[in-house]
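This report goes through the helices, the nonpolar cores, the cavity and a few single residues of one model. The sequence and structure come first.

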Amino acid sequence: MIYLPKRAAFVHIPRTAGHSIKAAVSNVCARNNIPFVVSTVPSWIKEFDRVEIHQRASTLKGYIREWPDIYRFAIHRPIQERIESVCKWVEYLRKIGFNKDPNTSSEIKEFIERENYREWIAENWKHYTTQFFTEGVYGEDLGVEIYPFEDLHDRWDEICRKCQIPQCELPRLNTPSGV
């Protein structure tokens, strides 16, 4: 999640270019003295669950007081593409031995080392749809503008304008390895 006080909020749905967006926004805001909150806190660090990396809009709405007055956006990528992306990510992490690193959390190690990880991901991720992250608990519209994943680079300048930040380059993180 990204929160730009009095400007915007980004609802980070897993495997939808969120790290690229966070890198771009963090960089431009820091250089221009624009206040911002960017979360990269994984869900397994429970002490910081209020600012978890993939926070639902319904949760953000609960503690961002100016929620109705700021621009809110998310990126939509079909769930099957996201499931395939996370499977590729697991394969990449296995390949580089990430699960062998002593600094890797036990939760991530367990996730990476699952024998049936493809089936587990397909079963456990199927409900993490765009609607799950962007709508209210009972399906109510929370005013989150949704951009298609494939249009992100073409519409990045528009997003910057709506977030009231200077236009900036959107890096393509996680692409060289195919994850």
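What does helix α7 span between its end C-alpha atoms, and what would a straight helix of 12 residues span? In this predicted model, helix α7 (residues 152–163) spans only 14 Å between its end C-alpha atoms, whereas a straight helix of 12 residues would span 16 Å at 1.5 Å a residue. Helix α3 (residues 79–95) has 17 residues and reaches 24 Å from its first C-alpha to its last, close to the 24 Å expected at 1.5 Å a residue.

The buried residues of α7 are Leu152, Trp156, Glu158, Ile159, Cys160 and Cys163. These residues pack against the strands β1 (2–4), β2 (8–11), β4 (71–76) and β5 (145–148), and also against α1. After α7 comes Gln164, with a positive phi near 60°.

In α3, the buried residues are Arg82, Ile83, Ser85, Val86, Cys87, Val90 and Leu93. Their cover includes α4, α5 (117–125) and α6 (130–134). Just after α3, Gly97 has a positive phi of about 75°.

In soluble globular proteins, nonpolar side chains tend to be buried together. Here the largest nonpolar core has 22 residues, and Leu4, Ile21, Val25, Phe73, Trp156, Cys163 and Ile165 are those that touch the most other members. At least two residues of this core come from each of β1, β2, α1, β4 and α7. Apart from this core lies another, of 14 residues, with Ile13, Ala57, Leu60 and Ala74 among them.

**The cavity**

A search of the whole structure finds 1 cavity of 30 Å³ or more. The volume of the largest cavity is about 40 Å³. Ile2, Leu4, Ala8, Ala9, Phe10, Val25, Phe73 and Cys163 line it. The elements that give two or more residues to this lining are β1 and β2, and β2 gives the most, with 3 residues. By class, the lining has 8 nonpolar, no polar and no charged residues.

**Loop residues with positive phi**

The table sets them side by side.

| Residue | Loop | Phi | Relative accessibility |
|---|---|---|---|
| Lys6 | between β1 and β2 | about 65° | 68% |

Lys6 counts as exposed because its relative accessible area, 68%, is over 50%.

**Single residues and their contacts**

Phe36 is placed in the loop between α1 and β3. At 31% relative accessibility, Phe36 counts as partly exposed. Along the chain, Phe36 and Pro5 are 31 residues apart, while their C-alpha atoms are separated by 6.6 Å. Apart from neighbours within four places in sequence, Phe36 is in contact with Tyr3, Leu4, Pro5, Ser26, Cys29 and Ala30.

Is Ser20 buried or exposed? Ser20 is part of helix α1 (residues 18–31) and counts as buried, because its relative accessibility of 4% is under 20%. Its contacts, leaving aside neighbours within four places in sequence, are with Leu170, Pro171, Arg172 and Leu173.

Lys109 belongs to helix α4 (residues 106–113). With 23% relative accessibility, Lys109 counts as partly exposed. Not counting residues up to four places away in sequence, Lys109 touches Asn99, Asp101, Pro102 and Thr104. Lys109 and Thr129 are 20 residues apart in sequence, and from C-alpha to C-alpha they are 25 Å apart in space.

Key: Residues numbered from 1 in each chain as written. Predicted model: local features only at pLDDT ≥ 70, side-chain atom pairs only at ≥ 80, totals over all residues. Heavy atoms only, no water. Helix = DSSP H or I, 4+ residues; strand = E, 2+ residues; numbered from the N terminus. Buried < 20%, exposed > 50% of the residue type's maximum accessible area, 1.4 Å probe, protein only. Contact = heavy atoms within 4.5 Å. Expected span 1.5 Å × (residues − 1). 1 Å grid on protein atoms, 1.4 Å probe; cavity = no way out; pocket = protein on both sides within 12 Å on 5 of 7 lines; lining within 4 Å. Points joined across faces, edges and corners; volume = space filled by probe spheres on them. Nonpolar A, V, L, I, M, F, W, Y, C, P; charged D, E, K, R; others polar. Core = buried A, V, L, I, M, F, W, Y, C linked by side-chain atoms within 4.5 Å.
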